[in-house]
Amino acid sequence: MMILRPIQQSDYPALLKIAHESGHGFTSLPNNEELLQKKINHSLSSFAKVAQQPGDEGYLFVLEDSETGEVVGTSAIEAAVGLDDAFYHYHLSKAIHSSRTLNVYKAVDILTLCNDYTGATELCTLFLRDGYRKNNNGKLLSKARFMFINQHKERFAETVIAEMRGVSNENGESPFWQWLEEHFFSMDFPTADYLTGIGQKVFIAELMPKYPIYVNLLSKDAQAVIGHVHDNTRPAIELLKSEGFTFNGYVDIFDAGPTVEAKVDNIATIRNSRKVQVEIGQSQGDTTVMLANDKLTDFRATVTQINLPCDVDTITLSSELAKALHLEAGDTVSVAKL
């Protein structure tokens, strides 16, 4: 059984291994031992904090194989981005150049540096190890965060975003960054990406071009990757699109990967989930569902098959499943069909 739960101190070795495997472009999980430990500590304090509105909290989850105890993936939620450090994006829009005298009308794409998503809740740090990218593991790792947000809405903003990993090659080279590096920086993409991941973002404000960039002045390779995702990220963005997330022209300032957004109440898993009461007994059925308890520090979620009639407000769980989800008879659990 796969169980999603908040990270613990004992998960540090597994998180370090995941950070190493994730490779270049995975900014939110730098391969740095000190910073990974800080992320764990920050997550622990965020779960323990009494919060009535979104702040600097960061909630880090891990996916555990309950049979082996092995941690096979991670995902996270940042309650509100940009409150302490500026949160940069490029916004892709159009500028019109026209002259009636010369009978010229031309629309050109431009990239403008902005901080428009300041205060939004961010989905981040999703990674599933090779060998476990099957069944419903990826869906659990991603979608369970929506259940958590729904159960603790006071902790999160109305707008939820996700920055998707942009195009780069096996050496970590980004066509978009290569153009920026040539004209504004003397720093390769892995270095810039790593510095951002460890919180050293001052160079962005100091060196990034302040004026809009005309897209047609970029190299052809750079133009081709704007708003596109890394091959490994395609399943993740398709899953978010199925949840109602949309791309509104915001891209990452390093690799030009797309940022997608949705309002909390419009997210499909949240709209389609319902709370039911737990009974303990023989649990059989053929409906694939995600289950999540309504706890905070003891949050647990999993995917299973049960009998789920549409017109009842109770479900029957096996004692093993209830124990794994920290549930007892009479407790409530959120359920959403997959």
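Trainee: What makes Ser318 count as partly exposed?

Mentor: In this predicted model, the relative accessible area of Ser318 is 22%. Buried requires a value under 20% and exposed a value over 50%, so Ser318, at 22%, is partly exposed.

Trainee: Where does Ser318 lie, and with which residues is it in contact, leaving aside neighbours within four places in sequence?

Mentor: Ser318 is placed in the loop between strand E14 (314–317) and H10. Its contacts beyond four places in sequence are Ile280, Gly281 and Ser283. For Ser318 and Ile280, the C-alpha atoms are 5.7 Å apart, while 38 residues separate the two in sequence.

Trainee: How do you know that Cys114 is in no disulfide?

Mentor: The nearest cysteine sulfur to that of Cys114 belongs to Cys124 and is 19 Å away. A disulfide requires two cysteine sulfur atoms within 2.5 Å, so a separation of 19 Å leaves Cys114 in no disulfide. Cys124 is likewise in no disulfide, with the sulfur of Cys114 as its nearest at 19 Å. The structure holds 0 disulfides.

Trainee: Are Cys114 and Cys124 buried or exposed?

Mentor: Cys114 has a relative accessibility of 11% and counts as buried. Cys124 has a relative accessible area of 9% and is buried too. The cut-off for buried is under 20%.

Trainee: Why are the buried residues of H2 said to line one face of the helix?

Mentor: The buried residues of H2 are Leu35, Leu36, Ile40, Ser43, Ser46 and Phe47. Viewed down the axis of H2, they fall within an arc of 145 degrees, so they line one face. The face of H2 turned away from the buried side carries the exposed residues Glu33, Glu34 and Ala48.

Trainee: What covers the buried side of H2, and how does the span of the helix compare with the expected one?

Mentor: The cover of the buried residues includes strand E1 (2–6), helix H1 (12–22), strand E2 (58–65) and H3. H2 has 16 residues and reaches 23 Å from its first C-alpha to its last, close to the 22 Å expected at 1.5 Å a residue.

Trainee: Why is the pair of Phe47 and Phe148 called edge-to-face?

Mentor: The ring centres of Phe47 and Phe148 are 5.7 Å apart, and the angle between the planes is 65 degrees. Phe47 lies in helix H2 (residues 33–48) and Phe148 in helix H3, so the pair ties together parts that are 101 residues apart in sequence. Both Phe47 and Phe148 are buried.

Trainee: Which aromatic cluster includes Phe47 and Phe148, and how many aromatic pairs does the whole structure have?

Mentor: Phe47, Tyr59, Phe61, Phe148, Phe156 and Phe299 form one aromatic cluster. The search of the whole structure finds 14 aromatic pairs.

Trainee: What makes H8 a helix with one buried face?

Mentor: In helix H8 (residues 234–242), the residues Ile237, Leu239 and Leu240 are buried. Seen down the axis of H8, the buried residues fall within an arc of 155 degrees, so they line one face. Pro235 and Ser242 are exposed on the face turned away from the buried side. The buried residues of H8 pack against strand E6 (121–128), helix H3 (137–151), strand E7 (159–163) and strand E10 (258–263).

Trainee: What is said of phi at Gly244, Ala256 and His326?

Mentor: Ala256 has a phi near 65 degrees, a positive value in a residue other than glycine. His326 has a phi near 60 degrees, again positive in a residue other than glycine. Most residues other than glycine have a negative phi.

Terms used: Residues numbered from 1 in each chain as written. Predicted model: local features only at pLDDT ≥ 70, side-chain atom pairs only at ≥ 80, totals over all residues. Heavy atoms only, no water. Buried < 20%, exposed > 50% of the residue type's maximum accessible area, 1.4 Å probe, protein only. Helix = DSSP H or I, 4+ residues; strand = E, 2+ residues; numbered from the N terminus. Arc of directions from axis to C-beta. Contact = heavy atoms within 4.5 Å. Phe/Tyr/Trp six-rings, centres within 6.5 Å; stacked < 30°, edge-to-face > 60°. Expected span 1.5 Å × (residues − 1).
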